[in-house]
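I opened my notebook to look up a few things in this structure. Here are my entries.

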Amino acid sequence: MTSHPSSRSKASVKSSNSGEEDWSTTLFGPKLLTRPKTAGVPTLSSLRGKKLVALYFSASWCPPCKAFSPKLIEFYDSCKDDLEVIFVSSDRDDASFNGYFEKMPWLALIPGYTSQEARDRQAKLAEMFQIGGIPSVIVLDAKTGHFISDNARTEVMQATNESSKNELLQSWLEKEAVPIEQAVLGAGGGGEGSLLYQIIMFFMRRPAYMLGLYYFGRRFLKYLERLGSEDDEADVGVEEKEL
């Protein structure tokens, strides 16, 4: 689970009741992708008619994300009339992004690696919702853009049957949504934000570092074995003198 410190979001973009475009286009850009290798569709129209929007921060290189995605797809299929999911990818190239996104039934933010504008937009979202690790799921009110939950990943994992899925959806719909800048984030978190997780993912994304760590680990173990052998020999020598 995430270990973000509880604090108020410093979001500079405010959600508003004055219109959908005031928040969705501002946060997500003018277009969202429906499939890989497409030009995208207008953000405003793609979210029209939905009651909830879930931002799914994920990436193809993340093992926990790959394990969670099928569960989120299953949940999405049961409530897609009310809920839209937007994939916010941390992938770094077309092959990785396209291969992962083509398995998803929802929309995607234009990935950050495609342009500086897209990179800045994605970084702003991550900062706004205090994303400390992935996978993470943030739920917003689709009409206002107000914040509902940053613990959605855990909640979806716990919804194991149709009844619990419907109850979860209803709980989001009934929860009082608050403007993003007033939300206290990090209450539950959706991603693997712990320091240990981040260290593990750092090495997993850098195989050469893993090999180096393995090499030094073996050297260290041999050093400990040698120290143990020397201690045993010293003990034997003392016993022989005493005899």
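I started with a definition: accessible areas come from the Shrake-Rupley method with a 1.4 Å probe, and for residues only the protein chains shown count as cover. With that I looked up the surface: the protein chain exposes about 13,200 Å². Carbon and sulfur atoms supply 54% of that area.

I noted what kind of model this is. It is predicted, so local features need pLDDT of at least 70, side-chain atom pairs count only at pLDDT 80 or more, and totals for chains, interfaces and linings use all residues. Residues are numbered from 1 along each chain as its sequence is written, and side-chain values use heavy atoms, without hydrogens and water.

Next I looked up the elements. The protein chain has 9 helices and 9 strands. These are DSSP runs, numbered from the N terminus: helices are H or I with at least four residues, strands are E with at least two.

Then I checked burial. Of the 243 residues in the protein chain, 42% are buried. Buried means under 20% relative accessible area, exposed over 50%, and partly exposed in between (1.4 Å probe, protein chains only).

Is Lys 165 buried or exposed? I found Lys 165 in helix 7 (residues 162–174). Lys 165 counts as buried because its relative accessibility is 4%. I listed its contacts (heavy atoms within 4.5 Å). Beyond neighbours within four places in sequence, Lys 165 touches Glu 74, Phe 75, Ser 78 and Ala 159.

My last entry is Arg 218, in helix 9 (residues 207–242). Arg 218 has 42% relative accessibility, so it counts as partly exposed.
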